[in-house]
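Let us take a friendly walk through this model, one chain after the other. Please keep the sequence and the 3D view at hand as you read.

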Amino acid sequence: MKLLEFLVLPPEISEFERRYLQRVNRVALAFFALHVPVFVLVAWANRTGPWLALALTSAVLAGPAIAVHKLANPRTVSVVHGIAAMFFGGLLVHFGQGPLQIEMHFYFFCLLAMCAVFGNPMVILAGAATVALHHLVVWLVLPKSVFNYSAAWWVVAVHAAFVVLESIPACYIARSFFDNVIGLEKIVQARTAALDARNRDMRLLLDNVRQGFLTIGADGSLAKERSAAVDRWLGAPAEGDSWFDYLGRVSQSFADGSRAAWDQVRRDVLPLDVALDLMPHTLKLAGAHLQLDYRPIGASEPYEHYLVVITDVTAELAREQAEIERREAMEVFERILNDRTGTESFFDEGSRIVAGLTKAGEGDLPLVKRLVHTLKGNATLFGLDSVATLCHALEDRMAEEDRTPPPEAYGALLERWARLAGDVARIVGGRGHGIEVDEAGYVTLEKAVRRREAYGALLERVHSLRYEPVTKRFAQFAEQARRIALRLDKGDLSVIIEDNGVRIDPGTSASLWASFIHAVRNAVDHGIESPSARVLAKKAPRGTLVLRANEDEDRIVLEVVDDGKGIDWGAVRERALEQGLPVATKADLEAALFTDGISTAASVTDISGRGIGMGALAHDVRALGGQVTVESSSAGTTVRMTLPREPAPRRESVRPVAAGRGVSIEGAHN
Amino acid sequence: MSKKILVVDDSLMVRIQVRKALGDGFEITDAVDGLDALEKLAANRDTALIICDVNMPKMNGIDFLKSRAEDAELARVPVVMLTTEGQQTLIEHARQLGALAWLLKPFKPENLLAVARKITAAA
């Protein structure tokens with residue numbers, strides 16, 4: 001079976017084989033045609049009948065000639081040639097009768113070997129069979145036509161053995177010629193098919209990952225190959241589109257930005273990875289957020305091609321957003337459970353700020369800065385990081401551009417706030433603002449009534465129910481302060497609350513609490529040192545923050561006391577000079593500290609550092625008719641807010657307070 | 001000898017951040033606006049790189065580029081803009097006025113250092 005497969009070629013004929021065989025068949029025919037005059041000459045020389053030689057040679061030549069012109073299958077033509085070659089051999093031996101008749105047999109063996117050129121073992125076999133038949137028949141019928149002596153049967157057998165032994169390698173050569181040379185096209189086809197299959201697998205893989213890939217030339221030209229995801233997200237590019245034209249079809253501004261940044265990549269001014277990093281990465285489409293990354297292809301610079309990896313991050317962003325919102329909703333819910341009044345006033349205050357932002361419009365930059373900063377502070381206090389982050393971005397923008405952002409810049413913040421406020425309104429319901437009285441407060445009041453306390457004292461007690469105990473707020477600030485300290489690697493902060501039972505009107509003091517957090521944040525961020533720095537300064541490694549409230553007949557005094565490194569007056573001075581503020585006296589410097597835009601922080605963090613906080617605090621306290629003072633040394637800083645017992649409308653008069661070494665800054669700021 | 005870099009930004013915080021990013025390998029001078037930058041450059045003719053903000057009081061980054069272009073010697077000092085502004089027309093304008101590159105805030109410190117090293121090395 002194997003032998004048959006070896007001898008018989010597979011039926012299909014490739015175009016390459018067809019062209020090759022047609023050419024060789026024609027050459028062979030021309031070669032046979034030359035036999036005619038040669039054989040006539042041989043017959044004439046040996047006196048064996050040139051005319052007969054002409055007739056017989058021409059008759060044999062007719063076979064290959066007809067085959068070449070009439071047969072469609074070039075392999076069949078080759079077989080005819082193989083048979084014809086042996087017929088010619090027979091004629092040569094016949095007409096070569098004489099002293100060289102045996103040598104004429106060389107022809108058979110030469111031609112049989114030469115038939116391997118057809119790349120087809122069947123041609124060899126047909127030739128071998130023909131010569132075998134010829135010898136057998138002629139030896140029996142016309143012996144002198146083959147041998148010039150009386151050959152025995154075994155002489156014929158020797159001739160046959162030569163033919164058989166030659167045929168074996170000739171068949172092998174023909175077949176291997178077919179397999180490795182004539183079949184080249186098939187080999188290539190097979191390899192191509194294998195490659196195609198691999199490419200298909202690769203494409204399948206590329207088309208099914210959640211990323212899109214395409215390559216661009218250094219000049220921004222678009223390579224033809226790209227994965228299906230690219231077309232799905234960006235549509236198909238038009239003929240002749242560059243990468244930037246292509247991008248322009250979905251977002252002109254993104255395309256322009258990319259083109260300009262690509263120019264930087266190509267000009268080789270910047271380090272390549274920096275330039276690639278500066279390419280716009282986030283493409284927002286109607287239904288998807290795509291992230292684009294660029295990677296050079298090749299071993300070394302300059303790179304001719306770049307791979308663009310496009311990742312659909314929509315789901316990821318949505319998941320992150322949902323996670324943030326879920327966490328914040330929990331936070332708000334927890335706050336409402338613990339402190340409904342406080343939460344309500346926080347959201348009232350926030351909503352006022354947000355409304356103020358939209359009303360402030362363009363122009364009043366200090367006001368907008370203060371509003372945004374206060375909202376950020378409140379949001380951080382309440383664990384609403386999404387709001388704080390949006391505020392921080394707005395602050396960055398204002399700091400850089402030095403003008404109020406356009407209305408659309410508030411969009412994300414307004415939207416987020418509206419959703420949060422909506423959540424709170426739903427949870428709290430339309431129950432309105434109530435007064436919270438805890439069990440202990442109720443019992444104390446009831447006892448006072450039973451004791452028949454004086455009317456004035458009772459009235460005072462009832463009044464005070466409207467007020468909010470500062471301890472509740474302080475507890476929130478303490479928690480916030482500890483959180484900030486951990487975030488800033490300032491260790492485990494110890495916070496001491498000394499509220500002395502002080503209560504404050506929650507309505508009028510809402511804005512005070514909003515800016516009170518600035519004092520707390522400043523104390524932790526700028527005051528308290530890291531544990532190692534504290535040890536070096538010979539202080540206890542653990543920082544301490546005291547939140548203290550005191551009251552007397554007509555005043556409430558709130559203090560934020562830290563045992564940190566104190567205020568860097570040199571830095572305050574430098575900043576004040578830059579702003580053109582007076583710096584002659586210590587009082588000037590303290591006044592400067594409470595001015596918008598003064599910050600000694602080396603970096604703007606989301607904790608503090610904008611120079612807005614202390615200014616906002618001073619502003620809010622003064623609006624309540626109070627004042628802020630500061631005392632600071634290397635042992636710590638005390639920020640003291642003194643408020644009138646009943647918050648009054650803003651007073652213009654200067655009312656100095658006897659507050660230790662503190663200096664009133666009210667006059668200085670006006 | 002370490003190369004001189006002039007950092008022009010009205011924000012102290014940005015100047016400090018840039019200083020931190022560039023580290024000790026350069027001699028850094030600060031300027032708070034374009035006018036200040038021109039004065040500082042007059043005193044430091046051998047400055048190897050200017051890192052310049054766009055939005056600044058008195059003289060902004062674009063006007064600074066214009067003034068710089070008028071002085072043939074200053075025009076040879078490479079300028080890299082470092083800003084939050086991403087406006088195409090502005091970038092193109094700065095490019096025409098001779099700004100070498102346009103970097104965006106907030107920046108990665110290692111990137112800024114790599115840029116400064118590459119540009120000052122090429123000079």
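Which residue is the bridge partner of B:C52 in strand 4 of chain B? That partner is B:M81. Before going further, please note that this is a predicted model, in which local features need pLDDT of at least 70, side-chain atom pairs count only at pLDDT 80 or more, and totals for chains, interfaces and linings use all residues. Residues are numbered from 1 along each chain as its sequence is written, while chains are lettered from A and ligands numbered from 1 in the order in which they are written.

**The sheet of chain B**

Helices (H or I, at least four residues) and strands (E, at least two) are DSSP runs, numbered from the N terminus. Two strands pair if DSSP finds at least two bridges between them. In chain B, an open sheet of 5 strands has the order 2-1-3-4-5, with parallel pairing. Strand 2 (26–31) and strand 5 (99–104) of chain B each have a single partner strand, so one side of each lacks a neighbour in the sheet. From one strand to the next, the twist averages 20°; for such angles, axes are lines fitted to C-alpha atoms (for helices over the stretch in contact), and angles run from 0 to 180 degrees between N-to-C directions.

Here are some of the strand pairs of the model:

| Strand pair | Sense | Bridges |
|---|---|---|
| Strands 1 and 2 of chain B | parallel | 6 bridges |
| Strands 1 and 3 of chain B | parallel | 5 bridges |
| Strands 3 and 4 of chain B | parallel | 3 bridges |
| Strands 11 and 12 of chain A | antiparallel | 7 bridges |

Strand 3 (residues 47–52) of chain B is mostly covered, with 6 of its 6 residues buried. Here a residue is buried if 20 or more other C-beta atoms lie within 10 Å of its own, exposed if 12 or fewer, and partly exposed in between, with C-beta atoms placed from the backbone. In this strand 3 of chain B, B:I51 is the bridge partner of B:V7. From strand 3 of chain B, the chain passes through helix 3 (residues 61–70) of chain B to strand 4 of chain B, in a right-handed β-α-β crossover (with the strands pointing away from the viewer, the path from the first strand over the helix to the second runs clockwise).

**Where the chains meet**

Contact means that the C-beta atoms of two residues, placed from the backbone, lie within 7 Å. By this rule, 22 residues of chain B are in contact with 20 residues of chain A. On chain B, the elements giving two or more residues to this side are helix 1 (12–22), helix 4 (88–96), strand 5 and helix 5 (109–122).

**Chain A**

Chain A has 26 helices and 12 strands, and buried residues make up 37% of its 670 residues. Five strands of chain A form an open sheet in the order 7-9-10-12-11, with mixed pairing. Within strand 12 of chain A, A:M641 stands opposite A:V628. Helix 25 of chain A packs on the sheet, touching strand 11 and strand 12 of chain A.

What else does this helix meet? The axes of helix 15 (residues 365–381) and helix 25 (residues 613–623) of chain A come within 10 Å and cross at roughly 100°. The contact involves A:R370, A:H373 and A:T374 of helix 15 of chain A, and A:G613, A:A616 and A:H619 of helix 25 of chain A.
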